Every structure is written in C-alpha cells, then in structure tokens.
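Work through these exercises with the model open beside you. Try each task before reading its solution.

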Amino acid sequence: MKNARYLYPSDFMADPSAHVFEGKIYIYPSHDWESGIAENDNGDHFNMKDYHVFSMEDIGGEVTDHGQVLSIADIPWGGRQLWDSDVAHKDGKYYMYFSLKDKTDIFRLGVAVSDTPYGPFVPQDNPIKGSYSIDPCAFEDEDGTHYLYFGGIWGGQLQFYRDNKIVPGSNLPHFHEQALSAKVVRLTEDMLEFDEEPRELLILDENGNPLTQGDTERRFFEASWMHKYKGKYYFSYSTGDTHLLCYAIGDNPYGPFTYQGVILTPVVGWTTHHSFVEYNGKWYLFHHDAVPSNGKTWLRSMKVVELYYNEDGTIKTIAGQ
Ligand code: FUB
C-alpha cells in the first residue's frame, strides 16, 4: 500500500476512529493485547480491557499517546471485551461511545464523558437503554444533530435481534433474503441515550433492491462509519469474512444508501476497520492490519493513508497490500 504509515509501532491498536477536535487529529482505537485466548469465530480472542487516546498535529507528525483513558475496571456494568469505540463533541464535552459485553455476556453500547478530547472519560452507570451489538460510530450532521450507527454480525451478536429485540432462536437470514444491516439512531440532546427506536440501514444494489445475505462481497458485516462529502452521506463498512471495506451513498443520514464499491482491498489479518477524516483539505483513511504481528489477527496495528475521490464523487480503491 503506497504511502500508508503505521501510527504507533510500540503497541497494538485497532479500529481507529479519527476526528479533528480543537485543531488536531485525535484517534480513538481499540487496544489489542496477547490475552492467550484461542482464536474462534465468536471473537473471544479480542479480549480488550482498556482504551488509549492518541493525537497528532499533522498526518506525518509525531503521535502522542495520552495514556489510558477508560478501563473495564471503571465501568460498573462491564463484563468483558472492550471493542470498537468512537467520540463525539457537543457544547464543550466529549462523549465516548463504546462496545462492551455486560455481566451476562451480551454486547451493549456505553457512554463515557470527558471535558477534553484526550480524556480521561467517566462512564455512565448503565449502558445506553435499548442498545445492543457493537461498533458505534458517532456522526454529527451539519445541523448539529448527532446520530449513532452500530451493529456487527457473528461475534457482534446482531443476528440474534429482530426489530431491536432479542428473538430466541434467530440467526442470520438465508442467503437469498435481505441482509442484516447496520442500525442508525438519533441521539438525545444530552448525548446519553437513544432519542428514537434504532432504524434499519438499508443498502441497495444498482437496481434499487436490498443487498441479500448471500452477497458476501457487498453486504454489511461490521465497522460502520459515516462521513459527508459534497452534500452526500457516505456509509462505509466492513464485509467481515470477505475482508473488504465498502461504501454506499445516500441523501440523508438514515438512507437508503446505494452500494458504490470497494474502498480498501483485503489487508494482512482477518479484520480491518476504519474511519475517514478530512484535514487541511485532504482526505485520509485510518484503518489497521496485522503486518507488524506477522498476521496474528488479534494483534493489529493502526495506520493511515491518503484517499482520493473521482470527479463523480466515487472513491478510488486502495490496495490493502
Ligand atoms: O476490535 C474488535 C472488533 O474487531 C471490532 O469491534 C470489530 O469491528 C473488529 O474490528
């Protein structure tokens, strides 16, 4: 991958959510470590316990580690596996949204609050009411409304839900049926709860039909991200077991979104997970791979690469290797 740069070679960090706050780039990754848990499809080996925050003044510049900003030990409802997180800013406060299994081993989304973008973040006593699954992405629209995008299948548990409720016995739809997809929900003014029932995020093919579960190179798996470019809403995500980062474009934050193509081809490692940031007039893709750990899928390293749009607003595909 041309011009990609590893951001923090001295430790393993994944799922980097990057934002520009107070004129700097802040990065909120998951903190991988060698837990000794055997690899399985449920992702038990991703047994993360805390978060660090990183910042940099420019893309090629020094990366500052602001240290541990939130730990499972401080989260009253926490069980295990602190997975992907994201941060939003409103009225001088910073809100970290995170994925964590509760004490009954069900993934929920939590919120922790700070006065600064670099933490520490103080968790709420309970998870967000009605939240489930993983991978929250916090998006602020131009009118100041904040939305959360979330969800992930397999270890992310999304397949056990229908209409936002656990349905005993439910699992993935059949291959020819409409694919399970991410959820989108507006946040309350205080940023701490859902302001409505989460809605299904529809991804359509070129004929206007919803993608099917069997369309494994295009359907949603996990790793939601939302950004806006020239007035359009770009929903991007990972296809998980087919290892692609893809995107779909819509006219509003709820969609529907029409599938457009691949952003990043497979990297070394099982997952990749990303974010987009515009900084000083250029666009960057933050993501991770497992090259530095020689392919250990649970020891990932975050990196950044510049990305380019075509004249028509489509994204030029980046080679992952
Ligand atoms: O980092 C743990 C999980 O792996 C994330 O929540 C998923 O998106 C995948 O990257």
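This is a predicted model: local features need pLDDT of at least 70, side-chain atom pairs count only at pLDDT 80 or more; totals for chains, interfaces and linings use all residues.

**Exercise 1. Find which pocket the ligand sits in, then describe that pocket.**

Solution. 
- Step 1: Size the site. The second largest pocket has a volume of about 330 Å³.
- Step 2: Find the middle. This pocket is lined by 25 residues, and those closest to its centre are Gly-43, Phe-46, Glu-222, Trp-270 and Thr-271.
- Step 3: Sort the lining by class. The second largest pocket has eight nonpolar, ten polar and seven charged lining residues.

**Exercise 2. List the residues around the ligand and sort them by class.**

Solution. 
- Step 1: Collect the shell. The residues around the ligand are Asp-15, Ser-30, Met-48, Trp-83, Asp-84, Asp-135, Glu-222, Thr-271, His-273, His-288 and Arg-300.
- Step 2: Count by class. The shell holds two nonpolar, four polar and five charged residues.
- Step 3: Cross-check with Exercise 1. Glu-222 and Thr-271 belong to the ligand shell, and both are listed among the residues closest to the centre of the second largest pocket.

**Exercise 3. Describe the largest pocket.**

Solution. 
- Step 1: Get the volume. The largest pocket contains about 520 Å³ of space.
- Step 2: Find the lining. There are 22 lining residues, with His-19, Phe-139, Glu-140, Met-226 and His-227 nearest the centre.
- Step 3: Trace the strands. At least two lining residues come from each of strand 2 (13–21), strand 6 (85–90), strand 10 (137–140), strand 17 (222–229) and strand 21 (275–279).
- Step 4: Sort by class. The lining of the largest pocket divides into 13 nonpolar, four polar and five charged residues.

**Exercise 4. How many cavities of 30 Å³ or more does the structure hold, and what lines the largest cavity?**

Solution. 
- Step 1: Count. The structure holds one cavity of 30 Å³ or more.
- Step 2: Size. The largest cavity has a volume of about 70 Å³.
- Step 3: Name the lining. Among its residues are Gln-178, Leu-180, Glu-200, Ile-203, Pro-210, Arg-219 and Phe-220.
- Step 4: Classify. The cavity lining has eight nonpolar, two polar and two charged residues.

**Exercise 5. Locate the backbone features in the loops.**

Solution. 
- Step 1: Go to Pro-120. A cis peptide bond joins Gly-119 to Pro-120, with omega about 0°. Pro-120 lies in the loop between strand 8 (107–114) and strand 9 (122–123).
- Step 2: Go to Pro-256. The bond from Gly-255 to Pro-256 is cis, and omega is near 5°. The loop between strand 19 (245–250) and strand 20 (257–264) holds Pro-256.
- Step 3: Check phi at Asp-91. The value is near 45°, positive in a residue other than glycine. Asp-91 is in the loop between strand 6 and strand 7 (93–101).

How values were computed. Residues are numbered from 1 along each chain as its sequence is written. Side-chain values use heavy atoms; hydrogens and water are left out. A residue is near a molecule or strand if one of its heavy atoms lies within 4 Å of it. Ala, Val, Leu, Ile, Met, Phe, Trp, Tyr, Cys and Pro count as nonpolar, Asp, Glu, Lys and Arg as charged, and the others, Gly among them, as polar. On a 1 Å grid over the protein atoms alone, a cavity is a set of points where a 1.4 Å probe fits but cannot get out, and a pocket is an open set with protein on both sides within 12 Å along at least five of seven lines; lining residues have an atom within 4 Å of a point. Grid points are joined across faces, edges and corners, and a volume is the space filled by probe spheres set on the points. Helices (H or I, at least four residues) and strands (E, at least two) are DSSP runs, numbered from the N terminus.
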